[in-house]
Number of protein chains: 2
Amino acid sequence: MVKRRPVATPTLEEVAALAGVGRGTVSRVINNEAGVKESTRRAVQRAIAELGYVPNLAARSLAGRRADAVALVMTERDWRLFGEPFFSETVRSVGDALTDTSVQLLLTLVRTDAERQRFLEYARGGRVDGVLLMSVRAEDRLPDMLADAGLPTVLLGRRSGDEQVTSVDADNVGGAREAVAHLVRGGRRSIATITGPLDMYVAQCRLRGYRQALADAGLPTDPSWTVEGDFTEASGRRAMTELLDRHPDVDAVLAASDTMAAAALSVLRAAGRRVPDDVAVIGFDDFHLAQHTDPPLTTVRQPLEEIGRTMVRLLLEEMEQPEVAWRHVLLRTRLVVRESA
Amino acid sequence: MVKRRPVATPTLEEVAALAGVGRGTVSRVINNEAGVKESTRRAVQRAIAELGYVPNLAARSLAGRRADAVALVMTERDWRLFGEPFFSETVRSVGDALTDTSVQLLLTLVRTDAERQRFLEYARGGRVDGVLLMSVRAEDRLPDMLADAGLPTVLLGRRSGDEQVTSVDADNVGGAREAVAHLVRGGRRSIATITGPLDMYVAQCRLRGYRQALADAGLPTDPSWTVEGDFTEASGRRAMTELLDRHPDVDAVLAASDTMAAAALSVLRAAGRRVPDDVAVIGFDDFHLAQHTDPPLTTVRQPLEEIGRTMVRLLLEEMEQPEVAWRHVLLRTRLVVRESA
DNA sequence: CTGAAAGCGCTAACAC
DNA sequence: GTGTTAGCGCTTTCAG
């Protein structure tokens with residue numbers, strides 16, 4: 001019924017006194033260091049249990065100069081993706097990759113300038129040993145500020161072609177290229193693409209892959225076969241309508257997101273086209289497609305689990321041995337074929 | 001191209017030296033304390049800027065005994081709700097409520113026992129000044145352990161009728177009661193309910209409200225009109241099918257979740273019932289209903305924004321002035337009528 | 001209004 | 001193996 005007053009936390013020194021040893025020894029025990037006689041270790045542990053001792057992390061940080069925590073920053077854009085599998089799966093895999101360490105994962109929301117500033121002080125203030133950032137806007141300097149402050153920093157995706165901060169990304173160029181090559185092999189020749197917002201590097205890459213594949217196949221790349229979308233349902237509809245208008249003979253579409261692929265699909269069907277017999281549609285990932293279309297479309301799948309794992313690996317590496325330069329890791333996508341195109 | 005080595009962070013002392021003042025003065029300036037001559041304040045700020053000084057938060061915590069951060073814990077159950085508006089809206093409102101403070105919000109995942117233990121050490125170690133917990137399982141002792149450790153702790157929802165930790169909850173009893181009263185006013189007499197898992201307090205409350213309303217109206221409460229679900233689509237279908245089987249004359253259903261309400265709706269329609277003319281359906285919240293049904297059903301809406309705001313308020317209050325006892329706040333729900341039942 | 005000094009609780013280096 | 005000691009960088013009295 002009555003809440004206990006914040007009990008004065010016992011200190012390491014009190015533990016040492018009770019156990020009849022020095023502070024150093026207690027420190028060694030709680031940090032699981034080797035070189036402590038088994039009997040004394042036991043005595044210390046008993047004292048710890050008896051006192052209900054919990055190490056003061058601020059003191060540990062101050063003396064040991066590390067926080068044993070990393071932050072995963074979600075910016076405004078991510079926030080709207082909160083429910084997206086792409087997002088939650090990545091977070092999950094990051095958590096999984098950290099599960100066997102003593103590193104606490106902290107998710108932080110950075111939506112406003114005030115939050116951004118607060119986080120910057122938090123991170124530069126040493127409360128975390130490293131920072132993971134998701135889908136940062138091209139013009140966002142936060143990653144640079146963190147990296148410049150000497151904090152190990154890893155991005156999911158790159159902001160541009162000459163990203164200066166360590167990053168992990170799916171091989172979007174390769175993925176798009178492979179998808180289009182698949183279409184070509186299936187006999188398609190009139191292949192259009194609905195891109196993402198072209199001020200985003202990921203969208204540029206996917207478009208580049210599309211173009212490369214066409215070039216590889218000796219097919220022309222007329223700009224009229226490319227329509228820019230913004231990853232949303234609405235933009236996908238608009239783009240597909242536009243494409244049908246320009247090129248009634250289109251026989252395949254590469255969409256830069258699953259949402260736009262689904263939208264394209266429904267526009268095509270409404271227009272009386274049969275998918276995939278008449279027109280083939282390929283999107284990136286298929287979280288939404290899996291729910292909204294029947295049958296599911298062929299997709300370029302990103303290795304989300306591996307992305308999270310790799311981000312953590314790079315971060316931990318940089319934490320224990322500061323790298324002089326940034327690194328970029330590209331992970332291969334996988335083409336999941338669900339139709340006989 | 002080359003990452004700068006972690007620059008040795010300047011300390012408060014260096015700032016003091018450069019500004020030609022004592023450390024105490026610098027401390028007062030960075031903490032915006034009154035009682036510093038304007039000219040010296042300016043001098044200090046110049047030195048801070050020149051050196052790029054950032055306070056070491058570990059040292060500040062150690063000396064000042066506070067972390068300026070609070071954690072919002074997501075347990076396994078929440079995680080599956082990651083994409084749920086109920087979840088993301090609550091997190092958002094918590095973030096908003098904290099936006100004008102200097103308190104950093106940290107979202108933490110607690111899925112496994114290892115993560116749970118790690119978080120406990122993190123929190124008890126003083127890295128946060130308070131903890132918010134979402135939808136904790138009835139048997140979960142984490143909140144008690146935190147509260148016992150003297151940490152201000154606020155729950156979203158209660159684990160049982162005699163919750164011993166401060167909590168904020170929607171008035172589920174009142175909400176269900178109001179919904180059923182509305183049905184009764186509309187002339188319904190054969191009112192069934194699909195409950196949530198009855199080992200969850202929230203489900204018990206909603207069932208109680210249903211029963212109270214029937215009693216209020218002088219209607220009998222036969223157990224055969226109550227079927228237990230688990231908030232999911234599948235359980236809603238099963239329950240509705242069962243109800244139709246038992247009571248073909250059912251003319252209204254109160255479902256303890258929007259998902260189950262949507263499921264009930266589709267089962268009813270498949271059975272040839274007209275909704276709401278023939279059978280009225282009311283659910284709690286309507287994030288899913290809004291997408292999946294047409295027309296949307298009448299719903300009992302929870303004040304999510306207010307819930308987050310209130311949780312933060314209580315937490316901050318307890319942080320600045322430790323309460324002796326826990327408190328519970330119940331927030332009124334709102335019945336959103338979308339049909340002429 | 002401001003400087004000096006005493007810790008906050010821990011780690012790590014160094015003796016024994 | 002284990003005790004001792006010197007800080008880590010800041011807040012907070014307490015003088016002045």
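The model is predicted, so local features need pLDDT of at least 70 and side-chain atom pairs count only at pLDDT 80 or more, while totals for chains, interfaces and linings use all residues. Residues are numbered from 1 along each chain as its sequence is written, chains are lettered from A and ligands numbered from 1 in the order in which they are written, and side-chain values use heavy atoms, with hydrogens and water left out.

**Around DNA strand D**

- DNA strand D is surrounded by 29 residues, and the closest are T25(A), R28(A), L12(B), R23(B) and Y53(B). A residue is near a strand if one of its heavy atoms lies within 4 Å of it.
- Of the atoms of DNA strand D that come within 4 Å of the protein, 58% belong to sugar and phosphate.
- The side chain of T25(A) has an N or O atom 2.5 Å from a phosphate oxygen of DNA strand D.
- K37(A) uses its backbone instead: an N or O atom there is 2.6 Å from a phosphate oxygen of DNA strand D.
- At least two residues each of the surface near DNA strand D come from helix 2 (23-30) and helix 4 (57-64) of chain A and from helix 2 (23-30) and helix 4 (57-64) of chain B. Helices (H or I, at least four residues) and strands (E, at least two) are DSSP runs, numbered from the N terminus.
- Helix 2 of chain B gives the largest share of this surface, 5 residues.
- The surface near DNA strand D has 10 nonpolar, 12 polar and 7 charged residues. Here Ala, Val, Leu, Ile, Met, Phe, Trp, Tyr, Cys and Pro count as nonpolar, Asp, Glu, Lys and Arg as charged, and the others, Gly among them, as polar.

**Around DNA strand C**

- DNA strand C has 28 residues around it, and L12(A), R23(A), Y53(A), T25(B) and R28(B) come nearest.
- Sugar or phosphate makes up 63% of the atoms of DNA strand C within 4 Å of the protein, and bases make up the rest.
- A phosphate oxygen of DNA strand C is 2.4 Å from a backbone N or O atom of L12(A).
- R28(A) has a polar side-chain atom 3.4 Å from a base nitrogen of DNA strand C, and R28(B) has a polar side-chain atom 2.5 Å from a base oxygen of DNA strand C.
- Helix 2 and helix 4 of chain A, and helix 2 and helix 4 of chain B, each supply at least two residues of the surface near DNA strand C.
- The largest share, 5 residues, comes from helix 2 of chain A.
- By class, the surface near DNA strand C divides into 10 nonpolar, 11 polar and 7 charged residues.

**Chain A as a whole**

- Chain A has 14 helices and 12 strands.
- Chain A is more spread out than a compact globule, because its radius of gyration is 26 Å, well over the 20 Å that the globule rule gives for 341 residues. The radius is taken over C-alpha atoms, and the rule is 2.2 Å times the number of residues to the power 0.38.
- Along the principal axes, the C-alpha atoms of chain A fill a box of roughly 85 × 45 × 40 Å.
- Of the 341 residues in chain A, 53% are buried. Buried means under 20% relative accessible area, exposed over 50%, and partly exposed in between (1.4 Å probe, protein chains only).
- Among the contacts in chain A with a separation of 6 or more, 69% join residues 24 or more positions apart; a contact means heavy atoms within 4.5 Å.
- Chain A exposes about 14,900 Å², and carbon and sulfur atoms supply 49% of this area. Accessible areas come from the Shrake-Rupley method with a 1.4 Å probe; for residues, only the protein chains shown count as cover.

**Backbone exceptions**

- Most residues other than glycine have a negative phi, and most peptide bonds are trans.
- The peptide bond from V275(A) to P276(A) is cis, with omega near 5°. P276(A) is in the loop between helix 12 (258-270) and strand 9 (280-284) of chain A.
- In chain B, a cis peptide bond joins V275(B) and P276(B), with omega about 5°, and P276(B) lies in the loop between helix 12 (258-270) and strand 9 (280-284).
- N32(B) is not a glycine, yet has a positive phi of about 55°. N32(B) sits in the loop between helix 2 and helix 3 (38-51) of chain B and is exposed, with a relative accessible area of 65%.
- D285(B), which is not a glycine either, has a positive phi of about 60°. D285(B) lies in the loop between strand 9 and helix 13 (287-292) of chain B and counts as buried at 5% relative accessibility.

Conventions: A polar contact is a pair of N or O atoms within 3.5 Å; within protein, one must be able to donate a hydrogen and the other to accept it, and residues adjacent in sequence count only if both atoms are side-chain atoms.
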